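Hello,

Here is the structure we spoke about. Please open it beside this email while you read.

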Amino acid sequence: AVQKTGDCDTRTLFAYTVLSELNYDVTILNSDAEGHSIFGISSPKPLGNGAYILGKNRKKYYIWELTNISPPGIYAYKSSISTWYSIFK
C-alpha cells in the first residue's frame with residue numbers, strides 16, 4: 001500500500017480487509033472471462049454510471065476498479081457484466 005504496487009487480487013483483498021473492518025458493506029468481484037478481480041461496494045445511491053453486480057445476498061455492489069484511477073461505478077471491460085460474480089457476499 002505504501003509503495004502503491006500490487007496486482008488486482010492484492011489490491012482488492014487489501015481494500016476488502018480495511019473497509020470491512022471499518023464496517024463498510026463490501027465484496028470482491030471476480031470474472032473468469034476477464035481473468036481479473038475488482039472491488040464491490042454497496043451504496044444507498046448509484047455510483048459513477050451505476051454499474052453494479054448483484055451479490056449472493058441480492059444486494060447491489062457498485063464495481064470499483066482498483067488497478068487504475070477510475071471512480072466507482074464505471075464498467076469498462078470487453079466481457080458482459082454478467083460474467084462477474086461476488087466471492088464473499
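Below are notes on one residue and on one pair of charged side chains.

Please keep in mind that this is a predicted model.

Start with Thr 12. This residue sits in helix α1, which covers residues 8-21. Is Thr 12 buried or exposed? Its relative accessibility is 1%, so Thr 12 counts as buried, the cut-off being under 20%.

What surrounds Thr 12, once neighbours within four places in sequence are set aside? The residues in contact with Thr 12 are then Ile 28, Ser 37, Ile 38, Phe 39 and Leu 66. With one of them, Ser 37, there is a polar contact between the two side chains, at 3.1 Å. The side chain of Thr 12 also reaches back to the backbone oxygen of Asp 9, at 3.2 Å. As for Leu 29, its C-alpha is 8.6 Å from that of Thr 12, while 17 residues separate the two in sequence.

Now the charged pair. How many salt bridges does the structure hold? There is one. It joins the side chains of Lys 59 and Asp 25, with 2.6 Å from N to O. Lys 59 belongs to the loop between β3 (52-54) and β4 (60-64), and Asp 25 to the loop between α1 and β1 (26-31), so the pair ties together parts that are 34 residues apart in sequence.

The two partners can also be described by accessibility. Lys 59 counts as partly exposed because its relative accessibility is 40%. Asp 25 counts as buried because its value is 18%, and the limit for buried is under 20%.

Regards

Methods:
Residues numbered from 1 in each chain as written. Predicted model: local features only at pLDDT ≥ 70, side-chain atom pairs only at ≥ 80, totals over all residues. Heavy atoms only, no water. Helix = DSSP H or I, 4+ residues; strand = E, 2+ residues; numbered from the N terminus. Buried < 20%, exposed > 50% of the residue type's maximum accessible area, 1.4 Å probe, protein only. Contact = heavy atoms within 4.5 Å. Polar contact = N/O pair within 3.5 Å; in protein donor to acceptor, adjacent residues only side chain to side chain. Salt bridge = Lys/Arg side-chain N within 4 Å of Asp/Glu carboxyl O.
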